[in-house]
Amino acid sequence: MYTKREEKELYDLSKSLLAGKDKRAPKEVAADLRRVITYHEWKYYVQNDPVISDYEYDLLFKQLQELEAEHPKLKTADSPTQRVSSDLSPEFETVRHKVPMLSLDNSYNANDLYKFDEQVRKLTGEKHIIYSVEPKLDGGSIALLYEDDVLVRAATRGNGREGEEMTPNARAMRSIPLRVAFTDKGIQQAEVRGEAVIRKDVFHKLNKQRQEEGLILLANARNSATGGLRTKDPSETAERGIEAYMYQLAFARDKYGKDAIPIFRSHHESMDLIADLGFRIVTKGRKLCKDIEAVIAFCETCEQERDDFPYEIDGMVVKVDSFALQEKCGSTSHHPRWAVAYKFKARQATSKLLNVEYQIGKTGTITPVAKLTPVALAGVTVSSVSLHNEDFITGKDLRIGDQVLVERAGDVIPYIVKSLADLRDGSETPIKFPKKCPSCGTKLIRAEDEAAWRCPNASCEAQVLQRMIFHVSKDAMDIDGFGHKQIIRFYELGWLHSIADIYNLDYDAIAELEGLGEKSAHKLRTSIEKAKQNPISRLLHSLSIHHLGKRASSLIAARVKHVLELKDWTMENLTDIPDIGPVVAKNVLEFFSEPKNIRILERMEGLGVNMHQTKDDKPPQIKHGGPLDGKTILFTGTLSQMTREEAEALAANAGAKNISAVSGNLNILVVGEKAGSKLKKAQGLGTVEILSEEEFLKKVKT
């Protein structure tokens, strides 16, 4: 439909229009907006390969709406504002929906919702409106038609009036009932609408499997779901784990052909019926709100908690709950006046990949970092994004000069979804991963079982600096007030050469430094003296031994009376410890066989750093006969009422055995805030009892 040159021109024009400040005649701007919006609809709905974010598309659409409202003569019959966006493809048979599937108007903040409420009250003549609010799932819309209780047809949304039939694919989705007892409710024919999505955990599992099979990774769950709806092979729909959540009873007729929807008073009531009949509906994030203030508060709460939803959501849908009031509001040709989508802050945007820099970590790992044209994303400005490793770069075919789609998923971490290869003009250059360390020039190495390239020179200046920064961090020795900026400053002054020097600082000299003074020097001295008494589990973790994390450090600390005993240990000594594997054991042995490392530790001990096992290093003793007797337990996420060590001690006191990983042997997983992959894995097993911190405390106190 478009040549590569045309696509590049339309993309550049889109960016220009998004930038604003267009002083051309409104007629010219409107014509260009129609062109680019039509192009982006084709990329999004037909090709399943968008080149701008949803938010950027919405801004373009809103520009055109406002321009046409200000200059009505500019409105044309073929304007995107005069029809619902289309995902029709000539490859599929089209069918007509019983009633049009309209788009939703969008809102982005509280003011927009207040305006929506004001319009609804004006249209209905009511002073107070009850609203039904539910998550806006980010997937593919579907319409299911039932006659005499049997599913007879399923279709995509299409252009709103006609959609693509995908009945065999719908039958392959286990969340869609093939027979529903509508006739028990006096309904002979019904059309139920919903969203087809792939749960986050299923999507990650799907991509992991594709990676193992050497297949191209799927860009995101939305595209994967919509692509699965339109595949020619229903078995592929089933393999993708697509699930359907219904959000509307759009059409209902009784056996006499009369409208049966009036038997329900409200949207909320009709959704309860749908759930009772066996359809899956959204429960988390669904709420009746007494007024618009309650709607705004609930939408803002859900935005903060969007990562806790099992599926991707990009906003909330606000609907007038009463069917009678919906009827009074009516609809435009584009959207119902009784509903609006509250869109969350954009998590995707497009930017340009300007350059790649290479960071050296504390164990020599080389991490490529993309430098981008700064772009606003979910409330922050993003200009740097980790590219993880060489395989990530080659797998996504990233090049210097590429336009890229950037996403800020989870809490804060930005991520490059893909390059927009269709927009290349030939000036882009391949990214060449270095063969030598950017800091010391040593030839890089890559282990067979690892994706990362590493600098093997432990004396590499960049590594030494990163090891010192990590050593004082909260996760390691936890030296309060000693941040990375101070480490870098003291290193540049020649005061620090190894982690041992941290314990031999000249505090009088520190007090003389600009921006510090006697008070800061005293505080730092107090923090360092306190850190000297840390348990040896913290010390072991602070040494930056490759793959030696907190848990493994604690397991080893529980077996040694003095840290330097490890220089005489063997592979068997280490691997005899449950959960210590050969890789960690090998790295520990290599560290303690290096004379330079031993000299540093001996110097640290001479400066007062504890090397002896403390009571905190000893494993909690399991007491039999408690409420968790014989159970295995694992903690994940951030606990708010106790430390991880305190929690493990409570568990042991209740008779449970603390283990370090999710497996078939795990009985209980206690979940704190921001729980990650361990929670998803445990949910996937289906045999693990998952408890909140409060539920765990209740159990151990019984």
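Reader: Which residues are linked in a network of salt bridges?

Author: Side chains of opposite charge can pair when their charged atoms come close. A salt bridge here is a side-chain nitrogen of Lys or Arg within 4 Å of a carboxyl oxygen of Asp or Glu. In this structure R199, D201, E243 and R280 form such a network. By this rule the count comes to 31 salt bridges. Please note that this is a predicted model, in which local features need pLDDT of at least 70 and side-chain atom pairs count only at pLDDT 80 or more, while totals for chains, interfaces and linings use all residues. Residues are numbered from 1 along each chain as its sequence is written, and side-chain values use heavy atoms, with hydrogens and water left out.

Reader: Which parts does the salt bridge between R424 and D402 tie together?

Author: The side chains of these two residues meet at 2.8 Å, N to O. R424 lies in the loop between β17 (414–419) and β18 (429–430), and D402 in the loop between β15 (399–400) and β16 (403–408), so the pair joins parts that are 22 residues apart in sequence. Helices (H or I, at least four residues) and strands (E, at least two) are DSSP runs, numbered from the N terminus.

Reader: Is R424 buried or exposed?

Author: Buried means under 20% relative accessible area, exposed over 50%, and partly exposed in between (1.4 Å probe, protein chains only). R424 has a relative accessible area of 18% and is therefore buried; D402 is buried as well, with 0%. In another salt bridge, R24 and D32 have their closest N and O atoms 2.7 Å apart. There R24 is partly exposed at 33%, whereas D32 is buried at 10%.

Reader: What does the largest nonpolar core contain?

Author: In soluble globular proteins, nonpolar side chains tend to be buried together. A nonpolar core is a set of buried Ala, Val, Leu, Ile, Met, Phe, Trp, Tyr and Cys residues joined through side-chain atoms within 4.5 Å. The largest one in this model has 54 residues, and those with the most contacts inside it are I479, F482, I502, F592 and M604. Among the elements that give two or more residues to this core are α13 (461–471), α16 (518–531) and α20 (582–592). The most comes from α20, with 5 residues. A second, separate core of 38 residues includes Y146, A170, I198 and I281.

Reader: Which residues is F482 in contact with?

Author: Contact means heavy atoms within 4.5 Å. Leaving aside neighbours within four places in sequence, F482 is in contact with V472, I487, F490, I502, L505, L524 and I528.

Reader: What follows α4?

Author: The helix is followed by G125, whose phi is positive, near 75°.
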